[in-house]
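Here is a walk through the contact between two protein chains. Have the sequence and the 3D view ready.

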Amino acid sequence: MDKEDIDDVGHKYHLELVLEDILDKDSTVNCTAEVLYHLPNKNLPPDVQFTIEGELKNTDEADSMFYNRIKSLEKELVAEDIPDSHGNVAPEMEPVRLLAWVASGYVIWQNSTENTKFQLAQIKHVKQVKRSDEYLEFDYRILLHEMVSQEIIPWQMTVLWHPHHGVQVTQDSRQPKHASE
Amino acid sequence: QLDFWLAPRGPGHPVDVRVPFPSLQPLKAHLEANGVSYSIMIEDVQALVDHERTEMLRGRRQLPLSTNTFDYATYHSLDEIYTFMDLLVAENPNLVSKIEIGRSTENRPLYVLKFSKGGTNRPAVWIDTGIHSREWVTQASGVWFAKKIVLDHKNDQGLASILDKMDIFLEIVTNPDGFVFTQTQNRMWRKTRSRHSGSACIGVDPNRNWDAGFGGPGASSNPCSETYHGPYANSEPEVKAIVDFVKNHGNIKAFVSIHSYSQLLLYPYGYTSTPVPDQQELHQISKEAVTALSSLYGTNYKYGSIITTIYQASGGTIDWTYNQGIKYSFTFELRDTGRYGFLLPAKQIVPTAQETWLALKVIMLHALDHLY
């Protein structure tokens with residue numbers, strides 16, 4: 001990793017990293033990236049440019065299975081606490097969790113600075129929103145864990161997904177903490 | 001059909017009412033038509049009831065009858081862990097004893113297990129888990145370590161040689177109030193449960209409350225913050241109890257405080273970037289300990305001083321213990337690196353404890369071979 005200070009602009013990091021498929025640890029791909037953190041007073045999310053060397057694995061089959069399963073549900077999917085307190089995730093909820101993980105990556109990106117380190121801590125609540133078009137829509141309430149402050153930050157995000165059109169976060173907002181927390 | 005939970009008393013007094021689904025719309029319309037304001041306290045009472053029932057069924061598990069039938073691969077309640085401790089002592093009275101070192105804010109006993117083959121005030125190793133209550137894999141690992149010491153104290157050469165000359169002190173639930181709170185109210189609770197005047201917010205970060213750079217950068221003076229250092233050093237009884245114990249004992253040679261998550265092995269300092277005088281030795285020990293840890297399941301750890309490896313943190317445990325003269329002061333951050341974070345699946349408890357134990361043995365053996 002290299003760091004470059006650019007006057008009046010910010011800090012630019014040059015990174016070489018290896019992407020690892022979380023579902024298949026032996027499947028890796030090299031990646032180079034440039035991340036520009038703007039000056040704090042600008043209040044802008046970091047700029048990211050990247051190149052992937054090679055191809056990511058094909059996930060068509062798993063995508064279709066999940067898509068068709070949700071599309072054919074009679075009642076909208078609703079679930080809470082994924083994982084639960086003991087780290088359990090019901091097998092049929094695993095794709096819902098992975099989708100939240102991807103979507104939270106966008107939220108994290110948009111809210112990151114050089115002094116933050118976010119992780120998705122838990123999905124508190126997820127509710128499917130039925131749509132008349134081909135997209136799947138989920139309304140998530142998640143908890144983000146910020147490492148430096150150690151805060152647990154509730155966040156709401158609306159996520160759209162389609163196997164051919166990828167993931168979109170159409171709306172997201174930080175939520176207030178409850179009094180009991 | 002309206003079920004009043006707080007009955008009408010007269011004008012100016014609020015009323016709480018459970019409304020069956022078919023009556024929701026008519027009632028809302030009626031209230032609105034009459035200018036009566038309302039708010040929703042519980043959206044779905046049935047969901048709460050169902051949830052409570054599952055919780056209670058889970059809680060009705062039998063308390064363990066022996067440490068041999070205890071399930072180490074699952075998370076336990078405070079009662080179950082305290083019962084485990086008593087069982088361990090009863091089964092091994094010549095090796096294990098239980099000491100109460102103080103009481104928590106909510107008056108729960110703070111217990112330390114002492115593993116000793118005899119002698120008087122032998123040089124000792126201290127290990128604590130669960131100082132941050134939401135880091136559940138740590139208390140669970142502490143339970144496993146306790147059993148491991150009992151199982152291995154004769155036949156494992158390294159452990160036997162340690163116990164020939166040294167005692168081991170193990171505090172499994174260092175923050176019992178927080179732990180109970182994570183089980184009953186908020187799984188993500190980190191701090192103690194103390195109230196300090198002038199704030200509605202509860203709790204102090206017990207790993208910012210020690211007298212080492214107390215109140216400096218790397219802790220918060222905001223009582224509502226997760227890293228609130230507290231009104232003064234050792235304000236928290238959970239911290240004070242350990243401070244008193246360490247000072248009274250006077251012969252602790254290695255001190256290890258265990259957290260999760262991030263997969264790190266850390267040594268002082270957190271409050272300042274000045275390296276400790278023993279930096280090189282601690283760095284070398286860390287390297288060996290991490291190598292031993294990884295050898296089991298390939299788990300990757302990074303190591304270094306707190307301030308260079310994670311972030312600046314003031315008022316931390318091992319900064320204080322190091323400054324007390326306890327050279328071999330270390331902090332672990334156990335599995336994982338964020339995929340499950342605090343919600344580590346129970347099936348990872350035993351592998352985590354097993355690999356961590358190998359690292360702990362490296363530290364203890366080094367202390368044994370370099371007593372000072």
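Which residues does Glu94(A) touch, not counting residues up to four places away in sequence? They are Val89(A) and Arg339(B); contact means heavy atoms within 4.5 Å. Glu94(A) is found in helix α2 of chain A. Helices here are DSSP runs (H or I, at least four residues), strands are E runs of at least two, and both are numbered from the N terminus. Glu94(A) counts as buried because its relative accessibility is 18%, and buried means under 20% relative accessible area (1.4 Å probe, protein chains only).

This is a predicted model: local features need pLDDT of at least 70, side-chain atom pairs count only at pLDDT 80 or more, and totals for chains, interfaces and linings use all residues. Residues are numbered from 1 along each chain as its sequence is written, chains are lettered from A and ligands numbered from 1 in the order in which they are written, and side-chain values use heavy atoms, with hydrogens and water left out.

Now the whole interface. Chain A gives 25 residues to the contact and chain B gives 27. Together they bury about 2100 Å², with 51% of it on carbon and sulfur atoms. Buried area is the accessible area (1.4 Å probe) lost when two parts are put together, summed over both. In chain A, Ser85(A), His86(A) and Gln150(A) lose the most area to chain B, together 30% of what that side buries.

The rule finds 1 salt bridge across the interface. Glu226(B) pairs with Lys177(A), their closest N and O atoms 3.8 Å apart. A salt bridge needs a side-chain nitrogen of Lys or Arg within 4 Å of a carboxyl oxygen of Asp or Glu.

How values were computed
Buried < 20%, exposed > 50% of the residue type's maximum accessible area, 1.4 Å probe, protein only.
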